[in-house]
Amino acid sequence: MENIAIVETHSLTKRFGSGVLAVDSVDMSVRRGEVYGFLGPNGAGKTTTLRMLVGLIRPTSGTATAAGHAPGDPKGLARIGSLIESPGFYPYLSGRENLKVVADLASVNLKRVEEVLDIVELSTRAGRKFGTYSTGMKQRLGVAAALLKDPDLLILDEPTNGLDPQGMAEMRKLIKDIGQGERTVLLSSHLLGEVEQICDRVGVISNGKLVKQSTVQELLGEEGVLVRAQPIDRAQDLLARMYGAAAISRQDGALHLKTKPENSVEINRQLVGAGIGVSELRPFERSLEEVFFQLTGEKQGS
Amino acid sequence: MIATIKAEWRKSRLRPAFLIGAGVIAGITILVYAANWYLALHPLATRGGDRAIVSLATLYPDQFVNNVMGAAFPIGAAMAIVLGALFAGSEYGWGTVKTMFTQRPGRLTVWAGRVFVFGIWMLILTFVLFGVGAASSVVVALFQGHAITGPAAIDLAKGIGAIWLVFMVNGSIGLALGVLIRQPAAALGIGLTYVLAVEIIAVRIINLINNGQFKDVTEQFVNQNATALTQSFTSPAFGTITAPVVSADHAVLVLAAYLIGLTIVAAGLLRLRDVT
């Protein structure tokens, strides 16, 4: 993966006529070849940002480049495939005919239509009218259309929206496959598990502001070990002597210890040796969900 | 541009609205011919004797160009507005506008391709009108034992051009409204209301003010000119008819100005507005 940015925004801002500040000074950088997760709750500004990147919406201020060109520039669009929100196709045409319309417009050889139908496993149902498609089939056709140009940059806005669990799993696998190799995928989602499984780096947007941009690993923080033991005060003293007081924190009646999970055996031996009862000892990692709620200020389960 | 035309043609060639539109135009032409034929053969009984409302001579092939002008307008014009509103407005309802705008061509190229293909469809509707009109006139001639003589080629070409222009101008009203309102239903509703009611009422009111002092204003209205253009196609077979309010040349210029103006305004809206 190269460190050259394929998408870059500087102070990108969009204020709609109604006065709503949808995107507020976003500085985002997506590197060539990575799968970038664009996370945020509904209404955070994800779709507005992506619409600005493909030239559907003009920014109020700030700048952006996508695939080396200003948003909406035909040269840039020739290298970008996108599925923004719901897939938009003609309901009276078949899936295949719809792709041919897009292929004509993008000056792509019609042979490519069959290739992308194979990739999204829609070949056998491509003769049916788009209006009769299920949500999953519509999403697949949307991804197929985005792939027609064999783009350097693929922008997918919540591609698993409206899919059942099986459809979501299939779409995740499809995106993972598409993201292999040189192609860059910019994936927006509010489904954290999806992003955690697929993405190399993430950007978190909340209330129009990009509040964090890093690798998934950085975002989740250092690895550690969770210890539940009795008496807990003695356990804490002992572990503080072993790893330093700064490495330990107490949460919900358990100790969170910043150390490698491989040290669990030694921790257990020391605690048991000191007559402390150990009821739980396991590797501890913050979930993306916890990090997300912390960053966006949203309450879990709300 | 070629790519856009190919895409616009591919998407519209199977569009039910255009096929239904062609069918309606054909059906109305046949209906008008059938009704006029019946009226020509069944004169009105009056105290002064039988009086034919329609002359049979107007239904023969040599007069079919003049005859289809009446059949085409205003139903054909209304049809063109509906098709224009659907063609431009549905793109927003289906979300296809964002699909079209995120491919290779720029917005203006997409719009130019769309208007070009719409123009082809209006030409197809014009050919349907003239084809069905010609066939109907041949049927009448055969049944009546009248010689089958076609109109002069120049009259045919002028007639096709005039009807295409009338369809295209009305279609561009629908297209522009579709882009402005960003949905088809309201666009075609407003377009039809304007052409079938608002303009007619406005013309009457304005022409009443100070004994027609502002008649010049109404002479610039779309369908005043469209009506005048279609009325300019006549012959002695049709008897005495009301003189057109403006000349055919004036009508062509005004209609062409509307067509160009509406297309440019819609292009400007498409280019400047966000696709949300």
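Visitor: Is the crossing of α7(B) and α11(B) left-handed or right-handed?
Guide: Bear in mind that this is a predicted model, where local features need pLDDT of at least 70, side-chain atom pairs count only at pLDDT 80 or more, and totals for chains, interfaces and linings use all residues. Residues are numbered from 1 along each chain as its sequence is written, while chains get letters from A and ligands get numbers from 1 in the order in which they are written. Helices here are DSSP runs of H or I with at least four residues, and strands are runs of E with at least two, numbered from the N terminus. A crossing is left-handed if the near helix is turned anticlockwise from the far one by less than a right angle, right-handed if clockwise, and the crossing of α7(B) and α11(B) is left-handed.

Visitor: Is α7(B) roughly parallel or oblique to α11(B)?
Guide: α7(B) and helix α11 (residues 248–272) of chain B pack at about 25°, their axes 9 Å apart, with axes fitted to C-alpha atoms over the stretch in contact and angles run from 0 to 180 degrees between N-to-C directions. Under 35 degrees counts as roughly parallel, over 145 as roughly antiparallel, 65 to 115 as roughly perpendicular and the rest as oblique. So α7(B) is, relative to α11(B), roughly parallel.

Visitor: How many nonpolar residues does the contact of α7(B) with α11(B) have?
Guide: Contact means C-beta atoms, placed from the backbone, within 7 Å; those involved include B:V166 and B:V169 of α7(B) and B:L255 and B:L262 of α11(B). Ala, Val, Leu, Ile, Met, Phe, Trp, Tyr, Cys and Pro count as nonpolar, Asp, Glu, Lys and Arg as charged, and the others, Gly among them, as polar. That gives two polar, no charged, and a nonpolar count of 18.

Visitor: And α6(B) against α7(B): roughly parallel or oblique?
Guide: The axes of α6 (residues 107–144) and α7 (residues 153–181) of chain B come within 9 Å and cross at roughly 135°. That makes α6(B), relative to α7(B), oblique.

Visitor: Is B:A256 buried or partly exposed?
Guide: B:A256 is found in helix α11 of chain B. Buried takes 20 or more other C-beta atoms within 10 Å of a residue's own, exposed 12 or fewer, and partly exposed is in between. B:A256 has 14 C-beta neighbours inside 10 Å, so the label is partly exposed.

Visitor: Which helix gives the most to the side of chain B that touches chain A?
Guide: The contact takes 24 residues from chain B and 25 from chain A. On the chain B side, α1 (2–12) and α5 (96–101) each supply at least two residues. With six residues, the biggest giver is α1(B).

Visitor: What percentage of the residues in chain A is buried?
Guide: Chain A has eleven helices and 14 strands, and its C-alpha atoms fill a box of roughly 75 × 45 × 35 Å along the principal axes. Of its 302 residues, the buried ones make up 44%.

Terms used:
Two residues are in contact if their C-beta atoms, placed from the backbone, lie within 7 Å.
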